[in-house]
Amino acid sequence: MDSSISHFKAWLPARAVGLLAAVAVTWGLCVLFSLQLNPYIHLYVQGAALKDQWADKMAGEHRAKILIYGGSSCAFSIDGERMLNRYNLPTVNYGLAAGFGPVVLTECVLRQCRPGDTLIVALEPELLIKPMGGETDGIQFSFAMHHPEWVTRPVLAVAPISWFAALTGLRPGGAVTFTYLGKFMSGQPMTRYHLTDFHPSGWQQTPVRLKVVGPMEHDPLLSTNACKLLRNLRAWCDRQHVRLAYSLPWSYTPPEKEHDFKLSNVDFLLQINQFVPVLKDPYLGANTNSDLYADTPWHLTPAGSMIRTDGLAEAIQNWELWTPAELGAQKSTGMPSEPGQSGRVNENPVMSPPAPPR
Amino acid sequence: MNFAEARFWALLLLGLLVILSLRALFRNLPAFKRGLLDKLALFGLGLFLLLCVSRVTFIIFLTVAVGSFFGLQWVLRHQEHQRKRYLYVLIPLQLLPLAFYKYSNFVVNQVLGFDVPGLHNLLIPVGISFYSFQKVAFVVDTLVFRQPLPRFLDYLNFAGFFPQIVAGPIERRKDLLPQMEQFRFRWSAANLNEGAGWIALGMFFKMCLADNLSVFFDGSSAANAYLIWLNNGLFGLRIYYDFAGYSLIAVGLARCLGVKLTLNFLSPYCATSMGEFWRRWHITLSQWFRDYLYIPLGGGRVRWWAFNLALVFVVSGVWHGAGWNFVLWGAIHGLALIVNRLLGGAFNLPAFPAWLLTMLTSFGAWLSFYETHTHILVLKMKALFTPQAYGAAAWREAVGHCHTTNGFVMACFLALAGMILLLEWLSIARRDTPFYFLQRPKVQVILVALTVLLAPEKNNGFIYFAF
């Protein structure tokens, strides 16, 4: 017996096994943190539950509803209650966090889409330009929402990741760990936003006011996966009898940069328009009034949100869409006629979006 | 063969499972045939893993490896006095693929001023600089030391041993070939334990330190000396942890298979002179240049030793990449070593100032390693030597930059990297064994936990894959 034990001890690479066990235990703790304790993910899980409640309410009280989704620029821009009370448009704001990535944001809203509904895509341009799929926050959010298939087997079949990649994404990583550590040490709140910032329709606001610098310039070329996402989304909506359109979020733009930024946005919209119709908006994604922004060049204040909501409501009511000719005319009207780049696909995007505030 | 990717480990596991199945299937074979099967399996595993990297890499590796063997066999058929002449033909032939893929664009388009579009976007096959040098060393060692030609299969395993094929260590015939001749797949708890320790340390270096430090590197400022120094520091730490991490994983993987590879890094940032730095940094490459270039040129015992030293380091710079910046990087190191040798005896600095001076030189030189645009490199170098670039405004700008780039997180990683360097220094100072304290079981558990916790979502490729 003793000899068999000593033989087993000699045979077993105890140190290697111990290191593997350390990997497993640490990973388990990381999963626990990511899905249960991470304040950022927890906030958006609760926020999504609020939005779901409003969506169920709208579905129960109205024949069809409007769902608008995107990153936080969407969450801060569209006041669903104003859309309902002022324009009789039952609207749910499914804006979450851009860091979740376009795939997860889309998958999250699709489960609430019913035949007859209207789906407004308000994804930030950066999300459609940079490579997509496998965003850690998106992985953690989808697992915390009990929908891992959003990343492993998305309905739109865009940028799925393996189960292994998904499971290894359930870790905070260095930036998050040390950011929380810094906040803890300095006594700051763990997240900038709170559940009380969410209104029942999903509209989000914050009392935080910071100097904003803009615009959030972007390459006008869509990524390969963005083209696929928009194409598959269009096909899915057609099959489900869901009306679909894109609405460009507003970014704060200093007056001297307005012209160039709008020009870049027109190029961007001309590409979007090849896959999804684009709702008319004379701002073309550029607003020059910094007082209308709260804490980032994407986050509108209540006053800014009111203007944006009213404009969008009118465009939806009248279903006013840009035609390619009209968009082209926007480029030439008072703008230097530079060659458009529509139709090209961005294989190597160089711009990266700003880190989302935690 | 990116050790930081899960795909590599999955493929390795798959390959090992196939090998285990084959061994079980042929367990009744005589011992010598089982040995042959093991060697064949090791070679097959290496080829399979290389093929998974890319087909071009696979084909070029086979061409260089097989060509070197049969070229050497052909040379050995001649009389001894004729062999040297044929060596001058064989070595350039061995280096031909390397010259074409790595230097043709630089020489033809940049130095000679032609514009051959086909050369602009040549992809350098992974590991070509490493395995080409290993084959050259093999040919020279065989001829100079009058060694017999090994069996072809043993040579192939020596040439294509997968843990070290794409980024070294550049092993010598006397160190690796005998191990390949004796190779068997054996279960050894001691080897697995030791290997796992090196792999864990390598993974920590790469995934926790190098990949996280790379996030903060931003070489956009050409006028602010503080930011340039910050980026030199970040790059210097990153490239060390990246390459040393890779090398340690290679050592660990080999150890798990019962093979001992050379440690390529012995805590170079603990060095107190440039000479010592190069005895600790990328050791197998330094030894290669010493034995196959510096000593044949006359080494340090001739009057033109300074020229030899400068030439070796310029060539070493060019080995790292085809560009004027790499030439300059090599020249800076060559010059530093010449100054070191000339003044080293006259000024016997205490350890700390000597270490500081060595670090200033090596981290300052990293600028010409990462900045590939010559005109920007010149601007940055000017800034480093301009007093105004160190003014209060530049300081404020640097502080502001750190605030906007999540300076606290960067500071945490720099502190972590600093603690690891301290442990490396303690290992040498107190135990005279590199990485001694980082190999302690409890420390390793902490390092593993930190790797799992802090590794970023996406790893960067290994820097030295580009060489």
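**Close-up views of a predicted two-chain model**

View 1. Two helices of chain B, α13 (324-344) and α14 (351-365), each contribute at least two residues to the nonpolar patch.

**View 2. Interface of chain A and chain B.** Contacts across this interface involve 29 residues of chain A and 27 residues of chain B. The area buried between the two chains is about 2100 Å², of which 69% is on carbon and sulfur atoms. Of the area that chain A buries against chain B, 31% comes from A:R15, A:L19 and A:F178, more than from any other three residues. On the side of chain A that touches chain B, the elements giving two or more residues are α1 (2-11), α2 (14-37) and α10 (173-186) of chain A. Polar contacts between chain A and chain B amount to 12 residue pairs, both residues being at pLDDT 80 or more. Zero salt bridges are found across this interface.

**View 3. Salt bridge between B:E80 and B:R146.** Over all chains, the whole structure holds 21 salt bridges. In the pair shown here, the closest N and O atoms of B:E80 and B:R146 are 2.6 Å apart. Because B:E80 lies in helix α4 (residues 80-111) of chain B and B:R146 in the loop between α5 (128-144) and α6 of chain B, the pair ties together parts that are 66 residues apart in sequence. B:E80 is partly exposed, at 44% relative accessibility, whereas B:R146 is exposed, at 59%.

View 4. B:D141 forms a salt bridge with B:R172, with 3.4 Å between the closest N and O atoms. This pair links distant parts of the chain, 31 residues apart: B:D141 is in helix α5 of chain B, and B:R172 is in the loop between α6 and α7 of chain B. B:D141 is buried at 6% relative accessibility, and B:R172 is buried with a relative accessible area of 12%. In a further salt bridge, the closest N and O atoms of B:K206 and B:D242 are 2.9 Å apart. Here helix α8 (residues 189-215) of chain B supplies B:K206 and helix α9 of chain B supplies B:D242, linking distant parts of the chain that are 36 residues apart. B:K206 and B:D242 are buried. Through shared partners, salt bridges join B:D141, B:R172, B:R290 and B:D291 into one network.

View 5. The peptide bond from B:G168 to B:P169 is cis, its omega being near 0 degrees. B:P169 is placed in the loop between α6 (152-159) and α7 (173-181) of chain B. A:H241, although not a glycine, has a positive phi of about 60 degrees. This histidine, A:H241, sits in the loop between α11 (224-240) and β5 (243-246) of chain A and is exposed, at 59% relative accessibility. B:S267, likewise a residue other than glycine, has a positive phi near 50 degrees. The loop between α9 (225-256) and α10 (274-280) of chain B contains B:S267, which is buried, with a relative accessible area of 0%.

Conventions
Residues numbered from 1 in each chain as written. Chains lettered and ligands numbered in written order. Predicted model: local features only at pLDDT ≥ 70, side-chain atom pairs only at ≥ 80, totals over all residues. Heavy atoms only, no water. Helix = DSSP H or I, 4+ residues; strand = E, 2+ residues; numbered from the N terminus. Contact = heavy atoms within 4.5 Å. Buried area = accessible area lost by both parts, 1.4 Å probe. Salt bridge = Lys/Arg side-chain N within 4 Å of Asp/Glu carboxyl O. Polar contact = N/O pair within 3.5 Å; in protein donor to acceptor, adjacent residues only side chain to side chain. Buried < 20%, exposed > 50% of the residue type's maximum accessible area, 1.4 Å probe, protein only.
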